[in-house]
Structures are given as structure tokens and as C-alpha cells.
Amino acid sequence: MKRRSFLTLTGAAGVAGVAATVPGLAAAPAAASTARTAAAGSSSLRDLAARIGLHIGTAVIPFDLDNAPYAEILAEQFSAVTPGNEMKWGVVEPTQGQFDWSGADRLVSFAQAHGQLVRGHTLLWHNQLPTWLTDGVTNGSISNSQLADLLKQHIFTEVGRYRGKIWQWDVANEFFTDATSTNPSHLNQDDFWVSHLGPDIIPQAFRWAHQADPHALLFYNDYNIAGEDGSNSKSDAVFAWLKQMLAQGVPIHGVGDQGHLDTQFGFSGAKMQQDLERYAGLGLKVAITEADVRTFVDGPTTQVPTDSLAQFAQPFEFGQMLKAAMAVPDCLSFTVWGFGDADSWVPGFFTGEGYATIYDVSLQPKPAFFELQQDLALGASGAPRHKDH
Ligand code: G3I
């Protein structure tokens with residue numbers, strides 16, 4: 001039960017205890033971990049969260065570690081990092097057999113130097129695959145059995161390379177359909193991997209990842225699976241699938257809800273909490289893995305909300321998500337998907353929308369940052385006892 005004791009230790013010790021409990025982080029420079037331990041009274045997100053055993057993470061987007069103000073916020077505010085793109089197959093093996101680990105290696109080193117944990121993202125996804133792989137499948141030069149072999153090799157190579165250095169791996173990402181009024185959510189049979197290799201490839205990927213790094217926590221990661229989807233259909237489908245996988249002994253240790261919200265749709269923090277609790281009831285760890293809250297803005301450069309109420313709705317929904325995460329003891333981490341509006345994926349993917357992160361386009365903290373900070377401070381210390389009047 002090594003995995004259990006690892007979890008207990010990190011949960012109790014928070015950031016300060018991390019370097020000693022993650023094998024790969026044991027070599028982190030002593031000065032860095034001492035600096036993190038000495039942060040009593042700090043009001044950074046990471047230090048406040050450490051007081052309740054929660055990790056506050058961010059995706060590293062852009063990959064801008066040479067930008068001093070960016071790197072400073074990254075180190076100061078966050079106790080976990082996720083590479084936004086640098087561990088995806090298309091990035092690490094752009095040409096078959098030729099690997100580029102430069103970004104991933106650099107982020108792992110950065111994390112070690114700053115007492116941060118790493119979420120590996122992601123091993124099995126239909127997106128950002130190398131073109132040599134997808135072209136080979138399309139033109140028939142890669143057969144289905146060769147595809148399975150290549151995937152196995154990919155997982156062993158990547159997970160093996162970072163063995164002992166990754167806290168949570170997003171093994172499988174986004175395999176369920178969005179529900180419609182006529183069609184409830186289900187495992188997507190048209191997914192690239194499922195359509196070529198069948199649904200059993202997903203549990204198989206977990207087994208391979210577990211063999212490659214028996215101590216990493218292996219996550220299923222998806223969006224709209226904790227309170228965001230009004231019908232809860234997708235959460236129900238994922239819950240049923242996880243139950244089935246666990247009954248079959250598949251090494252799945254956690255479920256990540258991405259947490260990509262939009263102020264134009266409804267959202268209930270209470271429902272998110274219920275869904276997280278339901279997953280935890282299966283014996284799983286949970287995490288919010290890609291939180292952001294988008295809204296309509298004046299333009300992609302300035303990203304000022306066009307509806308004056310959106311500037312209140314945006315931090316409110318961030319706060320709702322964080323409070324749901326804080327209320328569930330099995331929730332290990334709350335990760336934002338990049339921390340600055342200038343570099344968010346949102347304006348490029350949703351026309352007319354933006355303002356999705358917790359820092360503005362000039363890397364100044366926004367109301368959402370202060371909302372998270374206030375929630376964490378209350379969580380860390382509780383409200384002060386009020387005087388009799
Ligand atoms: O690297 C190329 C660059 O060479 C080229 O000049 C440029 C031109 O557009 O594109 C660059 O690649 C972009 C890549 O991000 C790196 O910046 C891709 O076009 C772009 O599509 C890609 O977007 C990423 C997206 O996943 C792909 O679906 C986002 O950065 C990344 O934040 C986003 O992350 C996903 C999670 O992995 C899974 N959950 C949803 C989340 C948001 O979409």
C-alpha cells in the first residue's frame with residue numbers, strides 16, 4: 001500500500017513535505033524546498049492551500065519560463081504544474097523515433113527547483129497526435145495492431161522517462177460524448193482510438209502506464225463531468241464507466257474534471273461538489289484539472305467583458321469551483337488552465353470570448369485571483385471568532 005501512504009503524507013504535509021515523499025523530487029535543491037517551507041503567513045495561493053493539504057496548480061501556457069514576471073508568478077503562486085502541450089505525443093515525437101523532450105524536461109526541472117508537483121498531460125487523446133501517426137493510419141501504412149504497439153511503446157517511453165517525477169498522469173482524456181436532448185452521453189465510438197482499437201484500449205492504457213510507473217496516480221480526465229452539464233448525463237456515463245473499470249481491477253486512481261466554464265451557461269458549485277463526492281465514493285481521488293471561466297469580451301487583445309455583470313459572474317464561478325474542491329477531502333488539486341488572459345486558449349477557440357483566467361492581459365491579478373485567495377484564506381484559518389457586542 002505504498003501509494004496510500006504517499007497520498008497521506010503529501011496530503012498532510014502539503015507543499016513542504018512534497019520533496020521528501022515523491023521519489024523523483026527527492027533530489028530537488030535543498031534551498032528551494034527550505035524557501036517553500038518558510039512561507040508561514042504567506043498569502044500566496046499555494047501557501048494558503050497547503051494549509052488544508054490542497055495543491056493549487058496551473059497549466060504552463062505559454063511555455064514562457066524565460067519571461068521573468070511570468071516565471072515569478074508561476075513559482076510563487078502554484079504548487080503544481082501541468083504542461084499545456086509539452087507532454088502531448090505530437091510534441092514529444094514529431095517525427096517517428098525522433099524525440100523532443102526539451103519542453104517537458106525543462107518544466108520538470110523548474111517544478112523540482114520550486115517544490116512543485118507535476119501533472120502529466122496526456123497519454124491517450126484524439127488530439128495533438130503526430131501527423132506521421134494519423135497519416136499512417138489513414139493511408140493504411142500503420143495497421144491497427146501496429147497502432148496498438150506504437151501506443152504501448154509511447155506510454156512506456158514517456159511514463160518511463162518521467163518515472164517517479166509525475167504526481168498525477170492524465171492517462172485518458174475526453175472519451176465521452178456531450179449529451180444532447182435526444183442522446184445521453186456515452187463512450188464515443190467514433191473516437192480515433194476507440195474506432196481503431198475498440199474500447200478496451202482505454203483500460204489497457206492505464207495498465208501500461210501503471211507498469212511504467214507504479215507510483216504515479218493515474219487519472220481519467222474530461223470536461224463537463226462535475227456539475228457543469230445541466231442534465232448530469234455525462235457525469236452519469238463517466239461514473240458508470242469508472243465503476244465498471246474499478247470492478248475489473250483497472251488501475252485508475254483518480255478522475256479529473258477539467259472545469260472549463262462559460263458565464264453564459266448555468267453552473268452549480270453544489271452540484272460539482274456532489275459529483276466530486278460521488279467519484280470519491282468509488283475510492284477515487286478527484287481533481288479540478290483545467291479551470292477557467294470565459295465570457296464575451298470587446299476583443300482578443302484587451303479582453304474587457306462586454307456585459308458589466310460578467311466581471312462578477314466570472315470570479316463567482318471560479319470561487320464556486322474552488323469551494324467545491326475544498327469541500328471534498330479526496331480532492332488533491334485545483335488547477336487553472338493557464339493563469340494569464342493574454343495566453344489563454346479561449347480567444348483562439350471561442351470567437352468573441354476571453355477574460356477566462358485569473359490574471360489580466362498584463363499579468364495583473366484579477367478579481368478571480370482575489371476570490372480564490374479569499375476562499376483559501378478562509379479555508380486555511382476559518383473565520384475569526386466574532387466578539388460579543
Ligand atoms: O506549435 C504550433 C506552432 O508551431 C504554430 O505556429 C501555431 C500556429 O497556430 O500552432 C502551434 O500549435 C498550437 C498549440 O496549441 C501550441 O500553441 C495549436 O495550433 C493549437 O491548436 C494548440 O492548442 C492547444 C489545444 O489544447 C489543442 O486542442 C492549447 O494550447 C491547449 O491549451 C489545449 O488544451 C486542452 C487540453 O489539452 C485538454 N482539454 C481542453 C484544453 C483546451 O482546449
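Modeller: A residue is called buried if 20 or more other C-beta atoms lie within 10 Å of its own, exposed if 12 or fewer do, and partly exposed in between, with the C-beta atoms placed from the backbone. What you see is a predicted model, in which local features need a pLDDT of at least 70 and side-chain atom pairs count only at pLDDT 80 or more, while totals for chains, interfaces and linings use all residues. Residues are numbered from 1 along each chain, as its sequence is written.

F318 counts as buried because 27 other C-beta atoms lie within 10 Å. Two residues are said to be in contact if their C-beta atoms, placed from the backbone, lie within 7 Å. If we set aside the neighbours within four places in sequence, F318 is in contact with A291, V293, I358, A368, E371 and L372. F318 also lies 7.2 Å from D292, C-alpha to C-alpha, although 26 residues separate the two in sequence.

Now look at the helix as a whole. Helix α13 covers residues 310-327, and its axis comes within 8 Å of the axis of helix α12 (residues 269-280), the two crossing at roughly 30 degrees; here an axis is a line fitted to C-alpha atoms, for helices over the stretch in contact, and angles run from 0 to 180 degrees between N-to-C directions. On the α12 side the contact is formed by G269, M272, Q273 and L276, and on the α13 side by Q320, M321, K323, A324 and A327. Five of these residues are nonpolar, three polar and one charged, where Ala, Val, Leu, Ile, Met, Phe, Trp, Tyr, Cys and Pro count as nonpolar, Asp, Glu, Lys and Arg as charged, and the others, Gly among them, as polar.

The residues in contact are A148, L151, K152, I155, F156, V159 and G160 from α8, together with I201, A205, W208, A209 and A212 from α10. By class, the contact of α8 with α10 has 10 nonpolar residues, one polar and one charged.

In soluble globular proteins, nonpolar side chains tend to be buried together. A nonpolar core is a set of buried Ala, Val, Leu, Ile, Met, Phe, Trp, Tyr and Cys residues joined through C-beta atoms within 7 Å. The largest such core has 94 residues, and W169, V171, A205, A209, L218 and A325 touch the most other members. Helix α10, residues 201-212, gives the most to this core, with seven residues. Not counting residues up to four places away in sequence, A205 touches L123, L124, L151, I155, V171 and A172.

Most residues other than glycine have a negative phi, and most peptide bonds are trans. Y355, in the loop between β10 (353-354) and α15 (367-381), has a positive phi of about 55 degrees and is buried, with 28 other C-beta atoms within 10 Å. N232, in the loop between β5 (217-222) and α11 (233-247), has a phi near 65 degrees and is likewise buried, with 20 C-beta neighbours inside 10 Å.

To place all this in the whole, the protein has 15 helices and 10 strands, and 48% of its 389 residues are buried. Among contacts with a separation of 6 or more, 73% join residues 24 or more positions apart.

Conventions. Helices (H or I, at least four residues) and strands (E, at least two) are DSSP runs, numbered from the N terminus.
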